Every structure is written in C-alpha cells, then in structure tokens.
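The sequence and structure come first, and the description follows.

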Amino acid sequence: MEQWKNRVAVVTGASAGIGAAIAKDLAKAGMITIGLARRVERVEALKKDLPGNVQGNLHAVKCDVSNEDDIVRVFSEIDAKFNGIDVLINNAGVARHTELINKDNSSKIREIINTNVFGVVFCTREAYKSMEKHGRNSHIVHINSVAGHYQMQIPLLNIYPASKHAVTAITEIHRQEFIRSKHHIKVTSVSPGAVKTEMMPDDVEERLGKIPFLEAEDISQSVLHVLGTPPRVQIHELIIRPFGERF
C-alpha cells in the first residue's frame, strides 16, 4: 500500500459495515480517505476508532449515491479540494424484500437499481473524469456479491441478484473502456458471500438456517490486497466466501 500513501480514496456507503471497515483501513494505510454516506455523522464517528495520528486522514462527506445530481456535485467538490481522486471504492448498496410480480414493490425495486447499478455507473464516471484529468495511476473497486454470479434461491431477494449481475457485467465493460482510454486505471470486482453487517436481513437464519458469516474486516483486508498489487497486475474478480457457505 506504500504506492497509495497520501493519495486520495473515495469510499461510498462508508457509514457502516464493509464501507466503514474499508474507510478506516485506507486511512490507517496513509490514504486521504473521503467517506461518502447519507448518515454522514456516522462516518465522522469512525474517527474515534483510528489512532490519533491518522484521524485527520478520514473526511466525512454527505452524498446520496442514488441521486445523480448529488454525485456530480460531490465528486466535483472532492476533485477541487483534494487535487484529484486516485481510488474509488463503490461499496454503497441496498437489499430489500421484493417480488417482481407485486406492483406494491415499485419503489423498492427503483431504490435497489438506482443505488446498486446507477450509483456504481455514475460514481465511476465522475471519478474517471478526475482520474483522466490528473493522469495518475488509479484503481476502482466495485463491491459486488456472490449473488452477482448465479441466481440465489432466496425468496424475496430477487431484484438484488439482478443488480449484482449488472455489476459483474459493468466491471468488464469498465475494464475495456479504461484500456481504450489509454489511462492506467485498474478495475476490480470483489464479491463476498454472507457478511455480518446491518445490511443482512434480520430473518436470514429463519429463512436459510444457521449459516457462516464473514466479517466486514475480511472484505476490507481483501480490498487492500487488491490495491497493493504492482502496476502490472490487475485482479479482475475476487470471490470471498465464509468457510462452509452452502449457497
């Protein structure tokens, strides 16, 4: 991670879970880390978990990644204030109980697609504008899911896998577009299995039985591994499962 010291990282969905763990670890690694969240006060509170000498590396910024206008404004402000963006972690995501055949689910379906798909597309687009302008080696990481690689047989979680399948395809599209851009920008999809976070439904064990979980810190350490590869190495897809996961 020495190559990223004093460089700028943006982490979406940084208020809790995987995003919070990544934001803290990047700050500890010496990166100027901007944690985006709607609950911005929770990102501010993360500083108490950091050593005093690196608390200043973490900055909290309010942003709703389901809102394109908000993304454009916030990324422009970050670029101007911090002299560019070098790393983007597209972590923000939502999962809701939905049925595609139920007309009462329209707002939930839109929320999932707007956050999990359009949020990734528009945050990457705005980060790329900064990366292109400054011309430094850069890296974008999409926090995907094992649900983005096959259709999980979990009732009421049906639009969530569709959104993550989109991220799998988008990762390859971004890889090809970055190559054509002639800029040294890597892209990686990190796909965890079950992770013990607030996002996990309360009734998951009632529906699936007792299952093993990863911790948010497991995913964060994997992200640091991906970022720490030399310029010649691009990890395109990393799938991380808890030992014994059955689905």
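## Helix packing and nonpolar cores

In this predicted model, the axes of helix α1 (residues 17–28) and helix α7 (residues 216–227) come within 8 Å and cross at roughly 50 degrees. That angle lies between the limits of 35 degrees for roughly parallel and 65 degrees for roughly perpendicular, and α1 is therefore oblique to α7. The crossing in which α1 passes α7 is right-handed. On the α1 side the contact is made by Gly 17, Ile 18, Ala 21, Ile 22, Asp 25 and Leu 26, while α7 contributes residues including Ala 216, Ile 219, Ser 220, Val 223 and Leu 227. Sorted by class, this contact of α1 with α7 has nine nonpolar, three polar and two charged residues.

| Core | Size | Residues named |
|---|---|---|
| Largest nonpolar core | 32 residues | Ile 22, Leu 26, Ile 89, Ile 143 and Val 223, those with the most contacts inside it |
| Second, separate core | 23 residues | Val 10, Ala 92, Met 131 and Ile 185, among them |

Ile 22, which belongs to the α1 side of the helix contact, touches Val 11, Ile 89, Ile 143, Ser 220 and Val 223, when residues up to four places away in sequence are not counted.

Definitions and conventions:
Residues numbered from 1 in each chain as written. Predicted model: local features only at pLDDT ≥ 70, side-chain atom pairs only at ≥ 80, totals over all residues. Heavy atoms only, no water. Axes fitted to C-alpha atoms, helices over the stretch in contact; angles between N-to-C directions. Helix = DSSP H or I, 4+ residues; strand = E, 2+ residues; numbered from the N terminus. Parallel < 35°, antiparallel > 145°, perpendicular 65-115°, else oblique. Left-handed = near helix turned anticlockwise from the far one by under 90°. Contact = heavy atoms within 4.5 Å. Nonpolar A, V, L, I, M, F, W, Y, C, P; charged D, E, K, R; others polar. Core = buried A, V, L, I, M, F, W, Y, C linked by side-chain atoms within 4.5 Å. Buried < 20%, exposed > 50% of the residue type's maximum accessible area, 1.4 Å probe, protein only.
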